[in-house]
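Subject: Structure handover

Dear colleague,

Here is the structure I said I would pass on. My notes on it are below; please read them with the model open.

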Amino acid sequence: MYDDWRVGFARRPLVRVMEAGLPRPDDITWLPPCPRDFQFIADPFGIERDGVLTVFAEFYDYRIRRGDIRFYQYEGDRLTGQGLALAEPFHLSYPSLIEDDGRLHMLPEAHKSGALTLYECERFPDRWRPCARLLDLPAIDATVTRHDGRWWMFYALPGPNDRSMRELHVAWSDSLTGPWRPHENNPVRRGLTDSRPGGAAFVHNGLLHLPVQDCDGGYGRAIHLLRINDLTPTTFAATPVRRFMPGGLADGFEDGLHTLSGGDVTFIDVKGLRASRREKRIARLYKLRRLLGLNGPRRAQPPRIA
């Protein structure tokens, strides 16, 4: 079995989704399918400028087992452009977007590089340059937001026994580019049901809320929404306040939901589990490409900061 993901968006504020639930299927615009099988699109984040909605998402190919970041542009519900936004020799996913002092940044997950690198937009939407290394750690699905005068980062770390799915870590900084300091009580939360970040943090009724993945019984099964009741460099307390399930959103994609992001527009992804006789052949092709050095370097280095 392998995961197949699909990305969609609805022109409904994320706060309204929190209160009323996920959009109806008829209200969701789905991104176009991948050009080949054994590829998927996941981890959507987006921004609207001058009437054009740009969705950034991970594009993953099982043949090389590596993702890059693609963009998809919409006017209304009509796709008007798409292309490659960012690629590296290592896997990229989870292209969270951060605006700071009038500048747009992207913080993609790149734990295979061993570090967490911030990119600044040089030309929207397809030219990004590495501008700061925020952590010398292989942070996974790092979610950064500004709240109560500080920058906060929520992230997972790789490790045995599904560590990346069962621990929530926090760091904080006075500046987006750092230095970043780890929370005194990391990991601040444990458990497969509501620890790994799963989308954009947002404020509702004065309190920060963070989507997190429910991985109990499998990766990315659903989204829990954490209300963060207490957040300082030395304290943390949170309460799950809502659960979002994938059922009924898209035919054949009812096995998972692991991203909830947005602002005035809400972005989601849904998963379908697939079985194919070609899986073994695809796996053999990947191993052959790796032996021939066609899949990129085995040990990637984080990008150099100019």
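The notes below go from the overall fold to the cores, the backbone and the salt bridges.

This is a predicted model, in which local features need pLDDT of at least 70 and side-chain atom pairs count only at pLDDT 80 or more, while totals for chains, interfaces and linings use all residues. Residues are numbered from 1 along each chain as its sequence is written, and side-chain values use heavy atoms, with hydrogens and water left out.

Overall fold

The protein chain has three helices and 21 strands (DSSP runs numbered from the N terminus, helices being H or I of at least four residues and strands E of at least two). Its radius of gyration is 18 Å, close to the 19 Å that the globule rule gives for 306 residues, so the chain is as compact as a globular protein of that length (the radius is taken over C-alpha atoms, and the rule is 2.2 Å times the number of residues to the power 0.38). The C-alpha trace spans about 50 × 45 × 40 Å along its principal axes.

Of the 306 residues, 54% count as buried (buried means under 20% relative accessible area, exposed over 50%, and partly exposed in between, with a 1.4 Å probe and protein chains only). The accessible surface comes to about 13,900 Å², and 45% of that belongs to carbon and sulfur atoms (Shrake-Rupley method, 1.4 Å probe; for residues, only the protein chains shown count as cover). Among contacts with a separation of 6 or more, 50% are between residues 24 or more positions apart (contact means heavy atoms within 4.5 Å).

Nonpolar cores

The largest nonpolar core has 18 residues, and Met153 and Trp180 touch the most other members (a core is a set of buried Ala, Val, Leu, Ile, Met, Phe, Trp, Tyr and Cys residues joined through side-chain atoms within 4.5 Å). Two or more residues each come from strands E9 (116–123), E10 (127–135), E11 (140–147) and E12 (150–156). E10 gives the largest share of this core, four residues. Leaving aside neighbours within four places in sequence, the contacts of Met153 include Leu116, Leu134, Val144, His169 and Trp180. Apart from this core lies another, of 17 residues, among them Leu14, Leu249, Leu257 and Val270.

Ala250 sits in the loop between strand E19 (236–244) and strand E20 (256–262) and is buried, with a relative accessible area of 6%. Beyond its neighbours within four places in sequence, Ala250 is in contact with Arg6, Trp30 and Val270. The C-alpha atoms of Ala250 and Ile28 are 9.3 Å apart, although 222 residues separate the two along the chain.

Backbone

Most residues other than glycine have a negative phi, and most peptide bonds are trans. A cis peptide bond joins Phe124 and Pro125, with omega about 0°; Pro125 lies in the loop between E9 and E10. Another cis bond joins Asn186 and Pro187, with omega about -15°, and Pro187 is in the loop between strand E14 (181–182) and strand E15 (189–190).

Positive phi values turn up at Asp43, near 55°, and at Asp50, near 50°. Asp43 is in strand E3 (residues 39–49) and is buried at 5% relative accessible area. Asp50 is in the loop between E3 and strand E4 (52–61) and is exposed at 82%.

Salt bridges

A search of the whole structure finds 20 salt bridges (a side-chain nitrogen of Lys or Arg within 4 Å of a carboxyl oxygen of Asp or Glu). In one of them, Asp4 pairs with Arg274, the closest N and O atoms being 3.2 Å apart. This pair links distant parts of the chain, with Asp4 in strand E1 (residues 2–10) and Arg274 in strand E21 (residues 266–274), 270 residues apart. Asp4 is buried, with a relative accessible area of 16%, and Arg274 is partly exposed at 22%.

Glu120 and Arg129 form a salt bridge at 3.1 Å, N to O; Glu120 is buried at 13%, whereas Arg129 is partly exposed at 30%. Asp61 and Arg63 are bridged with closest N and O atoms 3.4 Å apart. Asp61 is buried at 12% relative accessibility and Arg63 is buried at 6%.

Regards
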